[in-house]
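Try each task before you read its solution.

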Amino acid sequence: MISVGRGLSPRPVAPMKRRELLKLLLDNSVWIIIAIFFILNALFTPKFFTVLNFRNILIHSSILGIVVIGESFCLLSGHLDLSVESTLALSAVLGAMSVKNALPVPLAVCIMLASGMLVGFANGALVRKLGLNAFVATLITYIGIRGTALGIVEGKTIWNLPTSLCFFGAGTIGVFPVQIVLLAVLYLLFHAVLVYTRFGRHVYLVGDNQTAARISGINVDRVVITVFMLSGLLSAFAGLVMAGRLNSASPLFGTGMVFEAMSAAIIGGISLRGGIGSLSMALGGVLLLSAISNVLNLHAVSPYWIQTIRALMILFAVALDSLKRRLMRYEE
Amino acid sequence: MKSDGVLLKMEGICKSFGEVRALENVHFTLSHHEIVGLVGGNGAGKSTLIKILAGVFPPDRGKIYLEGREVHFKSPRDAYEQGIYTVHQKMEEILAPHHDVTANIFMGEEKTKPLLGGLLRVLARREMEKEAESVLSRVGITIDSVRRPIISYSGGQRQAVALAKALRKKPKILVLDEPTAALGVKEKFQVLHLIKRLGREEGIPIIIVSHNLEEVFEIVDRIVVLRNGQIVGECSPSLATKEQVVQMIVGGE
């Protein structure tokens, strides 16, 4: 009798090893590209390889980076969140209105963060309880929340916020700008959540195969709603940082940012189909986008071209993604 | 618990879809340690019967008893929690393709360990890997690494992982819907042996739905034949011939 044990035995190991190495490289391709990009520019772009310029790149990355964390959670769970930028603007406007109406700063911050979670909850509920497609659900909030932000202040920008409210966007801890510290802390924190907790695992599993996750006892509703609330919370927090950095709050904050956030995540290697990717990839995407616009600035290239370059990079990233999938698949 | 008592009893099950009567007054039982093959032509009612058992939809009439208690399955999830583990044609549909074998076997029931004196709980990766390996070897599946994603394994290996996942849950009843339909010849053979082993050595009661009489004759204890929504015959594969079973399936005379 042929034993099943032998029947389902491993295939030759050597080619697998090589494939795994290649996959590892492809998984981290964004960091390899960043390394090459930085070396080239250190050589050929004056003023690029300076502490001050790196500080600029990181500060430029911070707000987008925070939004991208939330967007990445959504993408990993197989959904997408268009409403991030509107949530950001609403949060900034609400915070500014709160302090202008003599509410204490901590309360204003709570209101801002709560508004983000509420928008996230609405997104999650529209998707899971009403059964709307995530694109449609977050398109509704994308438009509606931007409208709400515009309506609250009648399209006007509010200037001169209290210094304490500006701490996250303009303060420093020692020599480090708070924004950069925040970027590092939040990425480490949420990376740990994704990799080491059950919730993080469930986010991936729901993105990879929602039916299987449901049958296996994962509460898909709860995971998806939590993911959207997290995305809203982080976007609202990004609104706080942006208001602080610019010492103002405008209902037009973050216009078009959702496309930047999604490009960063995709360029980093997070799959739009869900279940594949990591926060380190997303961070790589954010830093690469920031570094490119920084270099274009240093070379005094018209900023209008950056969108063209970003499009080419997305194309490249998507091609890499499908190559990666092909490598992982079983072959006879 | 009696080792030979009736585990599952379905009594007077009826189900219609509009004008179509899919099942009419079906009585079906399953004993402990029994492998039953459910056979019949297209539209005979096989899949309707197991979908009722899997909680996909309720019967119009009839009762289901599990271990002597009457049960109602509100959803597939509900049936699953009560110990009925159903895997459809492509077992791999219950797997997450880009996750490794361990993550799939423990899906929804990940083990955690305390961190910082119980303040946080983190995934116990090592422990889960060890247990995954032991479940796999218990059913006689050796795959080269529990850390590789499902997508890098062949169809038969995926089925084996799905079965290992089922086994870890210690189901009361394993329902397999055309488990080998999507496989090549060699892998079909391997998966059949695996199923036989689960039934014989692990003592898991199995209901297997199949078109393929060849494989049904090889692994089951009892064959139940459905035709036009009714049970038209039962036999033991050791006492009947394939011709007789075919006769029952097609009817006539």
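## Exercise 1: the surroundings of one residue

Leaving out neighbours within four places in sequence, N104(B) is in contact (heavy atoms within 4.5 Å) with L95(B), A96(B), H99(B), I150(B) and K165(B). The model is predicted: local features need pLDDT of at least 70, side-chain atom pairs count only at pLDDT 80 or more, and totals for chains, interfaces and linings use all residues. Residues are numbered from 1 along each chain as its sequence is written, chains are lettered from A and ligands numbered from 1 in the order in which they are written, and side-chain values use heavy atoms, with hydrogens and water left out.

Task. State in which helix N104(B) lies, and decide whether N104(B) is buried or exposed.

Solution. 
- Step 1. N104(B) belongs to helix α3 of chain B. Helices (H or I, at least four residues) and strands (E, at least two) are DSSP runs, numbered from the N terminus.
- Step 2. Buried means under 20% relative accessible area, exposed over 50%, and partly exposed in between (1.4 Å probe, protein chains only).
- Step 3. N104(B) has 0% relative accessibility, so N104(B) counts as buried.
- Step 4. The side chain of N104(B) also reaches the backbone nitrogen of A96(B), at 2.6 Å.

## Exercise 2: a serine in a strand

Task. Find the strand that holds S16(B), and list what S16(B) touches beyond four places in sequence.

Solution. 
- Step 1. S16(B) sits in strand β1 of chain B, residues 6-17.
- Step 2. Not counting residues up to four places away in sequence, S16(B) touches R21(B), A22(B) and D60(B).
- Step 3. The C-alpha atoms of S16(B) and P59(B) are 8.5 Å apart in space, while the two residues are 43 apart in sequence.
- Step 4. The relative accessibility of S16(B) is 30%, so S16(B) is classed as partly exposed.

## Exercise 3: the two chains together

Task. Describe the interface of chain B and chain A by its residues and its buried area.

Solution. 
- Step 1. On one side are 40 residues of chain B, in contact with 34 residues of chain A.
- Step 2. The size of an interface is often given as the accessible area lost when the parts come together. Buried area is the accessible area (1.4 Å probe) that two parts lose on being put together, summed over both.
- Step 3. Here the two chains bury about 3200 Å² between them, and 58% of this is on carbon and sulfur atoms.
- Step 4. In chain B, the residues that lose the most area to chain A are H98(B), H99(B) and E110(B), together 17% of what that side buries.

## Exercise 4: charge pairs

Task. How many salt bridges cross the interface of chain B and chain A, and where do the partners of the pair R198(A) and E110(B) lie?

Solution. 
- Step 1. A salt bridge is a side-chain nitrogen of Lys or Arg within 4 Å of a carboxyl oxygen of Asp or Glu. By this rule the structure holds 21 salt bridges over all chains.
- Step 2. R198(A) lies in helix α10 (residues 198-208) of chain A and E110(B) in the loop between α3 (101-105) and β7 (112-115) of chain B, so the pair joins two chains.
- Step 3. The rule finds 1 salt bridge across the interface, and R198(A) and E110(B) meet in a salt bridge at 3.4 Å, N to O.
- Step 4. R198(A) is partly exposed, at 31% relative accessibility, whereas E110(B) is buried, at 5%.

Task. Which elements hold R222(B) and E34(B)?

Solution. 
- Step 1. The side chains of R222(B) and E34(B) form a salt bridge of 2.7 Å, N to O.
- Step 2. R222(B) is in strand β11 (residues 222-227) of chain B and E34(B) in the loop between β2 (20-31) and β3 (35-40) of chain B; the pair links distant parts of the chain, 188 residues apart.
- Step 3. R222(B) is buried, with a relative accessible area of 14%, and E34(B) is buried, with 11%.

## Exercise 5: cysteines

Solution. 
- Step 1. A disulfide is a pair of cysteine sulfur atoms within 2.5 Å.
- Step 2. Over all chains the count is 0 disulfides.

Definitions and conventions. A polar contact is a pair of N or O atoms within 3.5 Å; within protein, one must be able to donate a hydrogen and the other to accept it, and residues adjacent in sequence count only if both atoms are side-chain atoms.
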